[in-house]
Amino acid sequence: MADLKALAESIVGLTLLEAQELKTILKDEYGIEPAAGGAVVMAAGDAGGAAEEEKTEFDVVLKNAGASKINVIKEVRALTGLGLKEAKELVEAGGKIKEGVSKDEAEEVKGKLEAAGAEVEVA
């Protein structure tokens, strides 16, 4: 049981960027996705030929901070509520700024980040 406690302490001590990388590894390599409520859910296999539903949730992904990285960091902080260090790490590494948002909110976030000088994609 001591190993589980050490694992839990390691997870709690992760930075936001490290937690995001852990989430990506668990999703890509093991098919495990965190649910909205915080529980872990195993990804179900494709039902094979099921009609694809219209996408209602979108992710805003930062591709490149551009020349005015400071303005992009300020905008990321305003949009996410992150601290300066975490926002800077996220901008430098790139990745998802917002996850599971409506199309309108995704487009609004994209517009704000592009106005700050970033290259952004809505996925």
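Ile25 is partly exposed, with a relative accessible area of 40%; here buried means under 20% relative accessible area, exposed over 50%, and partly exposed in between, with a 1.4 Å probe and protein chains only. Ile25 is located in helix H2; helices (H or I, at least four residues) and strands (E, at least two) are DSSP runs, numbered from the N terminus.

The model under discussion is predicted: local features need pLDDT of at least 70, side-chain atom pairs count only at pLDDT 80 or more, and totals for chains, interfaces and linings use all residues. Residues are numbered from 1 along each chain as its sequence is written, and side-chain values use heavy atoms, with hydrogens and water left out.

Together with Leu4, Leu7, Ile11, Leu14, Leu22, Leu26 and Tyr30, Ile25 forms a nonpolar patch on the surface, with about 690 Å² of accessible area together. Patches are made of residues with over 30% relative accessible area and no salt bridge, where like charges are joined within 9 Å and nonpolar side chains (Val, Leu, Ile, Met, Phe, Trp, Tyr) within 5 Å. The areas come from the Shrake-Rupley method with a 1.4 Å probe, and for residues only the protein chains shown count as cover. Which helices supply at least two residues each to this patch? They are H1, residues 2-12, and H2, residues 16-30. H2 gives the most, with four residues.

Helix H2 also holds Glu21, which is partly exposed at a relative accessible area of 46%. Glu21 and Gly95 lie 74 residues apart in sequence, yet their C-alpha atoms are 9.6 Å apart in space.

I turn now to the overall layout. The chain has five helices and five strands, and along the sequence they follow the pattern α-α-β-β-β-α-α-β-α-β. Of the 123 residues in the chain, 22% are buried.

Three strands form an open sheet in the order S4-S3-S5, with antiparallel pairing; two strands pair if DSSP finds at least two bridges between them. Strand S4 (95-101) and strand S5 (119-122) stand at the edges with a single partner strand each, so one side of each has no neighbour in the sheet. From one strand to the next, the twist averages 20 degrees; axes are lines fitted to C-alpha atoms, for helices over the stretch in contact, and angles run from 0 to 180 degrees between N-to-C directions. Strand S3, residues 58-64, pairs with S5 in the antiparallel sense over four bridges. Within that pairing, Leu62 has Val120 of S5 as its bridge partner.

As general background, nonpolar side chains in soluble globular proteins tend to be buried together.

A search of the whole structure finds nine salt bridges, a salt bridge being a side-chain nitrogen of Lys or Arg within 4 Å of a carboxyl oxygen of Asp or Glu. One of them joins the side chains of Glu99 and Lys23, at 2.8 Å from N to O. Glu99 lies in strand S4 and Lys23 in helix H2, so this pair ties together parts that are 76 residues apart in sequence. Glu99 is partly exposed, at 44% relative accessibility.

Another salt bridge joins Lys96 and Asp59, whose closest N and O atoms are 3.3 Å apart. This pair links distant parts of the chain, with Lys96 in strand S4 and Asp59 in strand S3, 37 residues apart. Lys23, Asp59, Lys96 and Glu99 are linked in a network of salt bridges.

A further salt bridge is formed by the side chains of Lys69 and Glu92, at 3.4 Å from N to O. Lys69 belongs to helix H3 and Glu92 to helix H4, 23 residues apart. Lys69 is partly exposed at 33% relative accessibility, and Glu92 is partly exposed at 43%.
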